[in-house]
Amino acid sequence: MGVDLRSRGDVEQATGGRLIVSSHRSAIDILITFSLFGGRILSRGDIGRWPVAGHLARRTGTIFVDRDSRASGAAAIRQVRRALSAGDTVTVFPEGTTYRGDEVRPFNAGVFAAVSRLDVEIVPMGIAYPAGVEYFEESMAAHLGRVAGRRATPVGVVVGKPRRMKNAKASELAATLHEEVQALTYTARGLLSAPEAR
């Protein structure tokens with residue numbers, strides 16, 4: 001895909017369950033988080049029905065959620081909780097969808113119910129792309145084709161410090177992590193202005 005990844009922050013091996021909480025601007029975010037952390041992704045449900053991407057997502061243990069269904073949301077929270085309890089890494093994009101720019105939209109608190117009373121690492125992360133690279137109001141095929149057609153795409157990624165918030169409420173976690181991911185996203189934007197940026 002011609003991604004020129006500029007990253008800052010330590011990506012250490014987890015000693016137990018770990019929740020990665022990231023901003024979301026492109027389908028490439030998923031590839032980036034897999035390359036940095038491995039583990040599983042919480043993703044929208046319709047991707048599981050896509051011919052190629054759906055097959056790959058199922059093979060990597062993706063947890064699917066239909067955001068219009070409370071039952072699906074509750075089932076996804078249980079799956080995330082089981083995965084974290086088993087020592088897995090799970091990445092979530094709590095904005096719920098991709099957006100343009102660096103403003104991180106309010107986080108959906110529901111997913112954070114999965115970590116209540118669990119002693120797991122929570123790792124915030126911010127991602128920034130050049131203007132116009134984001135996935136927004138187009139098909140996935142058009143988005144990936146457009147990015148693949150670029151000579152190179154610098155992507156700024158800043159990984160924050162791991163934290164443990166075992167007894168925090170879901171709403172408290174959502175607010176705290178939203179603030180931190182927003183700051184990390186602004187820092188990630190700065191990585192794109194390095195001299196080697198294309």
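Start with the whole chain. From the N terminus on, its elements run β-β-α-β-α-β-α-β-β-α-β-α. That makes five helices and seven strands. Helices (H or I, at least four residues) and strands (E, at least two) are DSSP runs, numbered from the N terminus.

This is a predicted model, in which local features need pLDDT of at least 70, side-chain atom pairs count only at pLDDT 80 or more, and totals for chains, interfaces and linings use all residues. Residues are numbered from 1 along each chain as its sequence is written, and side-chain values use heavy atoms, with hydrogens and water left out.

Colour by accessibility. Of the 198 residues, 47% count as buried. Buried means under 20% relative accessible area, exposed over 50%, and partly exposed in between (1.4 Å probe, protein chains only). Among contacts between residues at least 6 apart in sequence, 78% join residues at least 24 apart.

**Stop 1: the nonpolar cores**

Select Leu 19, Val 21 and Phe 112. Of the 26 residues in the largest nonpolar core, these three touch the most other members. A nonpolar core is a set of buried Ala, Val, Leu, Ile, Met, Phe, Trp, Tyr and Cys residues joined through side-chain atoms within 4.5 Å. β2 (18–22), β4 (63–65), α3 (70–85), β5 and α5 (170–191) each supply at least two residues of this core. Apart from it lies another core, of 13 residues, among them Phe 37, Met 125, Val 133 and Val 159.

Leaving out residues up to four places away in sequence, they include Val 80, Leu 84, Val 90, Val 92 and Phe 112. Val 115, Glu 121, Ile 122 and Val 123 are also touched by Leu 19.

**Stop 2**

Select Ser 22, in strand β2. Ser 22 is buried, with a relative accessible area of 0%. Not counting residues up to four places away in sequence, Ser 22 touches Val 92, Phe 93, Pro 94, Met 125, Ile 127 and Val 181.

Step across to Ile 127, in strand β6. Why does Ile 127 count as buried? Because its relative accessibility is 0%. Beyond residues up to four places away in sequence, its contacts include Ser 23, Arg 25, Asp 29, Val 155 and Thr 185.

**Stop 2: helix α1**

Select residues 28–37, helix α1. Its buried residues are Ile 28, Asp 29, Ile 32, Thr 33 and Phe 37. Gly 38 follows α1, and its phi is positive, near 65°.

**Stop 3: the loop between β5 and β6**

Select Glu 95, in the loop between β5 (89–92) and β6 (121–128). Is Glu 95 buried or exposed? Glu 95 is buried, with a relative accessible area of 5%. Its side chain reaches the backbone nitrogen of Arg 105 at 2.8 Å. Leaving aside neighbours within four places in sequence, the contacts of Glu 95 include Ser 23, His 24, Arg 25, Pro 106 and Asn 108.

Move to Arg 117, in the loop between β5 and β6. Arg 117 is exposed, with a relative accessible area of 60%. Its phi is near 70°, a positive value in a residue other than glycine.

**Stop 5**

Select Arg 163, in the loop between β7 (153–159) and α5. Arg 163 counts as partly exposed, at 25% relative accessibility. Not counting residues up to four places away in sequence, Arg 163 touches Val 120, Glu 121, Ile 122, Thr 176, Leu 177 and Glu 180. The C-alpha atoms of Arg 163 and Pro 124 are separated by 8.7 Å.

Note on methods
A polar contact is a pair of N or O atoms within 3.5 Å; within protein, one must be able to donate a hydrogen and the other to accept it, and residues adjacent in sequence count only if both atoms are side-chain atoms. Contact means heavy atoms within 4.5 Å.
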